[in-house]
Amino acid sequence: MEKIHNDEITFLSRKILELNKQLIESERAKSRFLSLIANELNNPMTALLGMIPHLEPTVGDLRKEIYALVMEEALLLDSRIQNLVAASEIESGNIDITSALISPKSLVDEAIEAFRYRIQSKNITLNITDKLRDKVVTDPKKLYLIIKNILGNACDYGDDDSIVAVTIEEKESVLTIRINNQGKGPNVEYKPQVFTRFAQGPEGNHGLGLGLSVARELSERLSGGIDYSIDDTSVTFVITLPLQKNLPDSDACGSNEFLFESFDDAIEL
């Protein structure tokens, strides 16, 4: 009887080990697939975004509306590809942190430009309050993607004809960016669901469900975080990031605006 019992334990242990190996291999295959898809899509999308503006019709041309739709869809697809690339880097653990002296408001302005067609179609008004007196040192690419995802979420789920308010401030070496939109909050039972990859949106419809999860994970890579609160009429997401204290003693670092079309132009420290 004791031998039979031991045999069952041995059999079950082997099955658990086999399942564990299959699970690890499945996770590796998922990461490889995600990385492959991201790279295959990213390069042609970058080329398209560079060429499409050359096709813009002149003022009064009836094709202007069609061009706007094409550009809006291209920018939306580009945002999703950027999130796929970021997710694949996070999955692989191959994510580098760089530092540059930047203006967070310029990053907000750049993100707004990416959503300009959506903002126009929903007649959303953007109010930006920048309380920073100086530029800050952080990773510009990651902060840009964090802001872009939270701002995109605000535009997607904010009411038509409403206001999206962005407040940027710094206190005790912590950068805080608040993005408030008028509308209903996420319809979830627990807060972490909102930041869960491939989770559904507040109305059950969504894109890839990557944006908020990528924003949270990038924030944590920068030793910061994201949280949100809801009241009767609006939702506020708060991004907090600790800033590096040792700013460069260099006029050059603070003399030029950050060029967002190419992050290679950032001044790395």
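Modeller: Strand β2 (residues 125–130) and strand β4 run parallel and are joined by six bridges. Strands here are DSSP runs of E with at least two residues, helices are runs of H or I with at least four, and both are numbered from the N terminus. Two strands count as paired if DSSP finds at least two bridges between them. Within this pairing, I128 stands opposite V166 of β4.

This is a predicted model, in which local features need pLDDT of at least 70 and side-chain atom pairs count only at pLDDT 80 or more, while totals for chains, interfaces and linings use all residues. Residues are numbered from 1 along each chain as its sequence is written, and side-chain values use heavy atoms, with hydrogens and water left out.

β4 also pairs with strand β5 (residues 174–182), through eight bridges, and these two run antiparallel. K171 has V174 in β5 as its bridge partner. The hairpin of β4 and β5 has two residues between the strands, and E172 takes a positive phi near 50 degrees there.

S162 sits in the loop between α5 (140–157) and β4 (163–171). S162 has a relative accessible area of 3%, so it is buried; buried means under 20%, exposed over 50%, and partly exposed in between, with a 1.4 Å probe and protein chains only. A polar atom of the S162 side chain lies 2.4 Å from the backbone oxygen of D159. Leaving out residues up to four places away in sequence, S162 touches N123, I124, T125 and Q182, where contact means heavy atoms within 4.5 Å.

Of the 18 residues of α5, 15 are buried, so the helix is largely enclosed by the rest of the structure. At the start of α5, a side-chain oxygen of D139 comes to within 3.2 Å of the backbone nitrogen of K141. That is a polar contact, a pair of N or O atoms within 3.5 Å; within protein, one must be able to donate a hydrogen and the other to accept it, and residues adjacent in sequence count only if both atoms are side-chain atoms.

K122 is placed between α4 (116–121) and β2. K122 is buried as well, with a relative accessible area of 15%. Its side chain reaches the backbone oxygen of G158 at 2.7 Å. Not counting residues up to four places away in sequence, K122 touches C155, D156, Y157, G158, D160 and D161.

How does this part sit in the whole? The chain has six helices and seven strands, in the order α-α-β-α-α-β-β-α-β-β-α-β-β. Of its 269 residues, 39% count as buried. Among contacts with a separation of 6 or more, 72% are between residues 24 or more positions apart. The largest nonpolar core has 59 residues, and I177 and F237 have the most contacts inside it. Such a core is a set of buried Ala, Val, Leu, Ile, Met, Phe, Trp, Tyr and Cys residues joined through side-chain atoms within 4.5 Å. Beyond four places in sequence, F237 is in contact with several residues, including I150, I177 and I179.
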